[in-house]
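Please look at the sequence and the model together.

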Amino acid sequence: MSAQKKKAFQIEAFKHRVVIDPKYAEKTWKVLEHAIHEIYNHNASGLSFEELYRNAYNMVLHKFGEKLYSGLVTTMTSHLKEVCSSIEAAQGGLFLEELNRKWAEHNKALQMIRDILMYMDRTFIPNNHKTPVHELGLNLWRDVVIHSYKIQSRLQDTLLENVRRERSGEVIDRSLMRSITKMLMDLGSSVYQDDFEKHFLEVSADFYCLESQEFIQSCDCGEYLRKAERRLNEEIERVSHYLDTRSEVKVTNVVEKEMIESHMHRLVQMENSGLVHMIADDKYEDIGRMYCLFRRVPNGLVLIRDVMSSYIRDTGKQLVTDPERLKDPVDFVQLLLDLKDKHDKIITSAFSNDKTFQNALNSSFEYFINLNSRSPEFISLFVDDKLRKGLRGVTEEDVELVLDKVMMLFRYLQEKDVFEKYYKQHLAKRLLSGKTVSDDAERSLIVKLKTECGYQFTSKLEGMFTDMKTSQDTMQGFHASHGSDMGDGPTLSVQVLTTGSWPTQPITTCNLPAEILGICEKFRNYYLGTHTGRRLSWQTNMGTADLKATFGKGQKHELNVSTYQMCVLMLFNSADRQSYKEIEQATEIPASDLKRCLQSLACVKGKNVLRKEPMSKDIADTDAFLFNDKFTSKFFKVKIGTVVAQRESEPENQETRQRVEEDRKPQIEAAIVRIMKARRVLDHNNIVAEVTKQLQSRFLPNPVVIKKRIESLIEREFLERDKGDRRLYRYLA
């Protein structure tokens, strides 16, 4: 299909010359000027807006845009001067109302004028870089009305006076205030800021500076904080009702600076009502309010945290160094847990679980718990008490809760190996005496310790449980093979303990009664016959026995006693009276154990199956003991516990410490060798730092001890000193 040839299209100029009336522009402008006056005088209903629009359109079209624009400026300025006089004449409270009314009228008129001059607005104004009609109207209102000499200062003073009245508790017309401040914002952010906001913030600073001085003199800390919070909320509410939203940050900064930042040190330290007083009296609401207010100012939370940390450290230090508190280890640890619970609750409910506060609390507890070298022992004794009797009848969830709290204290310990030493001793006694409340609870704690410190920490503890289970199987086999040989003689239950897994016990001598020796020998022969290459040694200081005893008038009881107590009581089958020396010679029980044993048999009311002469609480070498045939008890089974010190005596404590120090030596040496094997060459200070870092999960090694272990390794040729620099060490492969 062939394309048709297109004809060229040409527009020709208008042939006839258009003649315009010389007075056209003046006449047309008079019509428009009259219309603008009518609009301002509220007589716009009689106007033809279409005709007016066409007139303005034609003026621009015929190049009279400049005349139209300048005429508009002159007319609006003239009218606004009249408006200005009207507003200035308004008296008192009518001033803002008149200003607001005239502003509303001006805006309405401006809208109509813009509609009439729309063509000028779209063509002439952009092309000639003039201000658009609506913006022009706002600028003229600003310059002629708002910035007039009499109105500018009066407006500022009236607005600030209304704010002052509202702060004093009076009710003001908030909607009118909103309209006026919105007018200032509509005129440009600089108008709002320069004509109102800047002065508003200055007056606010003076107001709150003065008010805070009055409050700090007359209020306690809690009351002051409540008033400061109320003022802060009032300012936020004021902004939401009639100020620019951007003013909120500025005015709240003023309140924070004058009411909080300027007085925060005095508030926190205030006597009988400051932060320390609030913490001591569990005033969670006041503490929470302080936290919320102080977090708004620089270093506010740092100040609270430091004061709280200092208070906890002082309180904890008093607790762990008070000789009275140290008399009861279980009570001592319970007080630590109560102190931790108290501050945990404060951090949760008042400090919004702030991690920095939690870290400060942990740091404070770690500081004062380690001030007392016996804390590891006491925490182990607390566990021992709970797992023996304290958790009986308690739900599984509550048991876990107690164990978790113990683990929390355990984490604070720097000498975890000391805790391990004591825990192993106490666990051994619980297992061997069958006094543990729950095997599940015991195993749960071991799992927690394993998670915290690793397999090495708990491997021996798990070995103890394994021995208990193996011993049950061994006894079943023994009774199966020797049950018929027993007759009416004593029955035996033996726990066979692996030496490496259980706490090292001194081999103590004790002469067992002849009746017991026979069955013990049978068990020895049975065990060694079924296990080759093993050696058995009896730990008589750890056993228990059940004795059937007959007292006066044929009254019978079953006595649950320790092995030592059994040996003592069996002597009274052949004699009613025995001297201390005779008992000591016959049993060969160590003197300290024998005295505790006799004390529990003769001096404990309700358990005194023996009588002591002379009667006193302490056992002397000259005492004599008689069988108490007048003993009575409402129970058939009578348990006679050994009088034991809950906590170690000072010499025992020193001995345990010494054993711990000995155990640490190979661990320190192993760490040194590991580090040097990896680094090959290292200076002394770096070795000390690396060893401390590696071992701090178990204990904090002493730099002096580390130095001694390095010397020992040099002697044994694991390391050597650098020949050029004596502070450098080299690893010898």
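The sections below take a strand residue, a helix residue and then the cores of this predicted model.

## H557

H557 sits in strand 2, which spans residues 556-562. Its relative accessibility is 3%, so H557 counts as buried, the cut-off being under 20%.

The H557 side chain makes a polar contact with the backbone oxygen of F636, at 3.3 Å. F636 is also among the contacts of H557 beyond four places in sequence.

## E235

E235 belongs to helix 11, residues 221-242. Its relative accessibility is 0%, and E235 therefore counts as buried. Its side chain forms a polar contact with the side chain of R238, at 2.6 Å.

Beyond four places in sequence, E235 touches R167, F200, Y208, V251 and V255. Take V255: 20 residues separate it from E235 in sequence, and the C-alpha to C-alpha distance is 8.4 Å.

## Nonpolar cores

The largest nonpolar core has 82 residues. Which of them touch the most other members? They are M290, F294, F351, L409, Y423 and L449. Helix 16 (residues 300-321) supplies the largest share of this core, with 9 residues.

L449 has contacts with M407, F410, F419, Y423, G454, F457, T458 and L461, leaving aside neighbours within four places in sequence. Another core, of 63 residues, lies apart from the largest one. Its members include I36, L99, V145 and L184.

Conventions. Residues are numbered from 1 along each chain as its sequence is written. This is a predicted model: local features need pLDDT of at least 70, side-chain atom pairs count only at pLDDT 80 or more; totals for chains, interfaces and linings use all residues. Side-chain values use heavy atoms; hydrogens and water are left out. Helices (H or I, at least four residues) and strands (E, at least two) are DSSP runs, numbered from the N terminus. Buried means under 20% relative accessible area, exposed over 50%, partly exposed in between (1.4 Å probe, protein chains only). A polar contact is a pair of N or O atoms within 3.5 Å; within protein, one must be able to donate a hydrogen and the other to accept it, and residues adjacent in sequence count only if both atoms are side-chain atoms. Contact means heavy atoms within 4.5 Å. A nonpolar core is a set of buried Ala, Val, Leu, Ile, Met, Phe, Trp, Tyr and Cys residues joined through side-chain atoms within 4.5 Å.
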